[in-house]
Amino acid sequence: MVLHTQPTYPQSRAYVVQLHRDAGAPAGALLGRVVHIVSGETAEFSSGRALLDWLAAQLATVPSGEPR
């Protein structure tokens with residue numbers, strides 16, 4: 001049995017996504033904001049692509065396994 005010293009889901013990779021009241025209506029719009037729990041950095045997004053781009057940029061700033 002191998003014990004891993006790092007958690008599978010580290011806190012440095014925790015985010016909160018809050019959807020705008022108009023998200024999903026009427027054309028399936030994805031609107032909201034995202035907050036990185038550890039740093040408090042926030043961003044508003046107006047599409048799924050924008051949300052994923054922001055998350056990808058966040059993950060690129062810290063090498064895997066390093067605390068943020």
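These legends walk through a few views of a predicted model of one protein chain.

**View 1. The whole chain, from start to finish.** Start by counting the pieces: the secondary structure comes to one helix and three strands. The chain has 68 residues, and 16% of them count as buried.

**View 2. Helix 1 from end to end.** Here we zoom in on helix 1, residues 48-61.

View 3. Which residues of helix 1 are buried? Look for Leu-51, Trp-54, Leu-55 and Gln-58. Seen down the helix axis, the buried residues fall within an arc of 95°, which means they line one face of helix 1. Now check the other side of the helix, where Arg-49 and Ala-60 are exposed.

**View 4. What the buried face packs against.** The buried residues of helix 1 pack against strand 1 (15-19), strand 2 (32-36) and strand 3 (42-45). Keep an eye on sequence distance too: among contacts in the chain with a separation of 6 or more, 28% come from residues 24 or more positions apart.

View 5. The accessible surface of the chain comes to about 5300 Å². Carbon and sulfur atoms hold 56% of that area.

How values were computed
Residues are numbered from 1 along each chain as its sequence is written. This is a predicted model: local features need pLDDT of at least 70, side-chain atom pairs count only at pLDDT 80 or more; totals for chains, interfaces and linings use all residues. Side-chain values use heavy atoms; hydrogens and water are left out. Helices (H or I, at least four residues) and strands (E, at least two) are DSSP runs, numbered from the N terminus. The expected span of a helix is 1.5 Å times one less than its number of residues. Buried means under 20% relative accessible area, exposed over 50%, partly exposed in between (1.4 Å probe, protein chains only). The arc is that of the directions from the helix axis to the C-beta atoms. Contact means heavy atoms within 4.5 Å. Accessible areas come from the Shrake-Rupley method with a 1.4 Å probe; for residues, only the protein chains shown count as cover.
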